[in-house]
Amino acid sequence: MEEIRHENVEAYAYNAAKKGNYESGDSYFTVLTDDYFICSVADGLGSGPVARESSQVIPQILKEYHHETIDQLMNRFNGLMMQKRGAAVAIFKVDFKKRTLEYSCVGNIRFYLYRRETDEVIYPLPVMGYLSGRPQKLKTQLYTYVENDLFLIHSDGVDLRNPKAMMRRAGAPRRLYEDILSSIQTGDDATLISGSLLH
């Protein structure tokens, strides 16, 4: 478990390889500054080293270009997928000053934002397909958030029956993380990140 703590965000991340593999085809990467928090998850097609090669474009790009817009980052990810297998990729950026969350996804990665105040879940529908280097139509969405909103992002190796009920019951990111880990049975590469937006 990786723990991320800041006055504006608290998050917990899990990443594990498919049974029998040494390397996970999933990758995730986070960037935390005083102004924003960026989180991205990639699920490389297939499994093992070939899948990992595709998903590893995420940290490669974010380390250097995290100041760019979500669309610019997604296009950079896509450009590096040429000659690789390809990957499903999701990314979101939380702007602490504007209190906004911007999200974009291509492929089967799931994202949920749970508003405890109103008991509603925001679930942006992903663009079908995967990043492969071919021109890609992006559908970036912008949301506002309030203090203590919970978020959850996970790859398809994590199969959840009722994410809203789990988020409502957990109430806090560490408990949500532990509840999901105790309930999932995964034979695939699996990544999940649960978090709370604090201020």
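At 2% relative accessibility, Ser-196 counts as buried, a label for under 20% relative accessible area, with over 50% called exposed and the range in between partly exposed (1.4 Å probe, protein chains only). This is a predicted model, in which local features need pLDDT of at least 70, side-chain atom pairs count only at pLDDT 80 or more, and totals for chains, interfaces and linings use all residues. Residues are numbered from 1 along each chain as its sequence is written, and side-chain values use heavy atoms, leaving out hydrogens and water.

- Ser-196 belongs to strand β11 (residues 190-197), where strands (E, at least two residues) and helices (H or I, at least four) are DSSP runs numbered from the N terminus.
- Leaving aside neighbours within four places in sequence, Ser-196 has contacts (heavy atoms within 4.5 Å) that include Asn-8, Arg-116, Phe-151 and Pro-173.

**The sheet**

- Six strands form an open, antiparallel sheet in the order β1-β2-β11-β10-β7-β8, and two strands pair if DSSP finds at least two bridges between them.
- Because β1 (2-5) and β8 (120-122) stand at the edges with a single partner strand each, one side of each is left without a neighbour in the sheet.
- Four bridges join β1 to the antiparallel strand β2 (residues 9-16), and Glu-2 stands opposite Ala-13 in β2.

**Helices across the sheet**

- Helix α5 (residues 173-183) lies across β1, β2, β10 and β11, running at about 155 degrees to β11; axes are lines fitted to C-alpha atoms, for helices over the stretch in contact, and angles run from 0 to 180 degrees between N-to-C directions.
- Helix α4 (residues 163-170) lies across β7 (110-115), β8 and β10 (149-154), at about 45 degrees to β7.
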